[in-house]
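Hello,

Here is the structure for you to look through. My notes follow below it.

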Amino acid sequence: MNTSLKRIQELNQDLYIREARPSDAFGLTNLMNSYYSRKNNEKYFTWRFFACPLPSTLYVVTTKENLIIGAYGVNIFMLTNGKRCGLTLDLIISDAYRQRGLFLLLEEKVNKFAKKHHCSYLLCLPNIAGMKAHTKIEGWQMIKTIPILTLNPNIM
């Protein structure tokens, strides 16, 4: 582990990062729904991560009281070229815990999971905040914006 990740771990020793469990769905739903207008329910997390036929995982960041304050997941797909691709998704960190390097710690976990499953690529289709976070990390780059998936708040 590099020195900066070790330092980030030290700064966040009051928090835990672990694989999510089905019983976390309520806390995950509450966290997501407090930030996004499109509301998810507990069935989404069960479908996406716990009942998924693909190799999948979701890492959560919790307080010592087990309050979920962040998450980041990945689903592994087989591409037509025979290589595996990890689709990263559901990156969220509570405002009160941002700017502490938690995304780097979550990214490390997702990368280890992807390597364990022989992924050749990681792909993300983030919102603006997620794009900014990803492109600050070595190895991530923005390839293209998909205009049809870009929200224009003036239309709403």
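A term to begin with: buried means under 20% relative accessible area, exposed means over 50%, and partly exposed is in between (1.4 Å probe, protein chains only). The model is predicted, so local features need pLDDT of at least 70, side-chain atom pairs count only at pLDDT 80 or more, and totals for chains, interfaces and linings use all residues. Residues are numbered from 1 along each chain as its sequence is written, and side-chain values use heavy atoms, with hydrogens and water left out.

Aromatic pairs come next. Rings of Phe, Tyr and Trp (its six-membered ring) pair if their centres lie within 6.5 Å; planes under 30 degrees apart are stacked, over 60 edge-to-face, and the rest tilted. The structure has 3 such pairs. One of them joins Tyr44 and Trp47, with 6.0 Å centre to centre and 50 degrees between the planes, and is tilted. Both residues sit in helix H3 (residues 42–50), 3 residues apart, about one turn of the helix. Helices (H or I, at least four residues) and strands (E, at least two) are DSSP runs, numbered from the N terminus. Tyr44 counts as buried, at 15% relative accessibility. Trp47 counts as exposed, at 52%.

Now look at Tyr72 and Phe103. Their ring centres are 5.3 Å apart and their planes stand at 80 degrees, so this pair is edge-to-face. Tyr72 is in strand S3 (residues 68–78) and Phe103 is in helix H4 (residues 102–116), so the pair ties together parts that are 31 residues apart in sequence. Both Tyr72 and Phe103 are buried. Ring pairs also link Tyr44, Phe45 and Trp47 into a cluster.

Next, Thr62. This residue is in strand S2 (residues 56–63). Thr62 is buried, with a relative accessible area of 2%. Contact means heavy atoms within 4.5 Å. Leaving out residues up to four places away in sequence, Thr62 touches Leu15, Tyr16, Arg18, Leu67, Ile68 and Ile69.

Arg84 belongs to strand S4 (residues 84–93). Arg84 is partly exposed, at 29% relative accessible area. Beyond four places away in sequence, the residues that Arg84 touches include Ile76, His117 and Tyr121. The side chain of Arg84 reaches the backbone oxygen of His117 at 3.4 Å. The C-alpha atoms of Arg84 and Phe26 are separated by 31 Å, and the two residues are 58 residues apart along the chain.

Last, Ile146. Ile146 lies in the segment after helix H5 (128–135). Ile146 is partly exposed, with a relative accessible area of 38%.

Best wishes

Technical notes:
A polar contact is a pair of N or O atoms within 3.5 Å; within protein, one must be able to donate a hydrogen and the other to accept it, and residues adjacent in sequence count only if both atoms are side-chain atoms.
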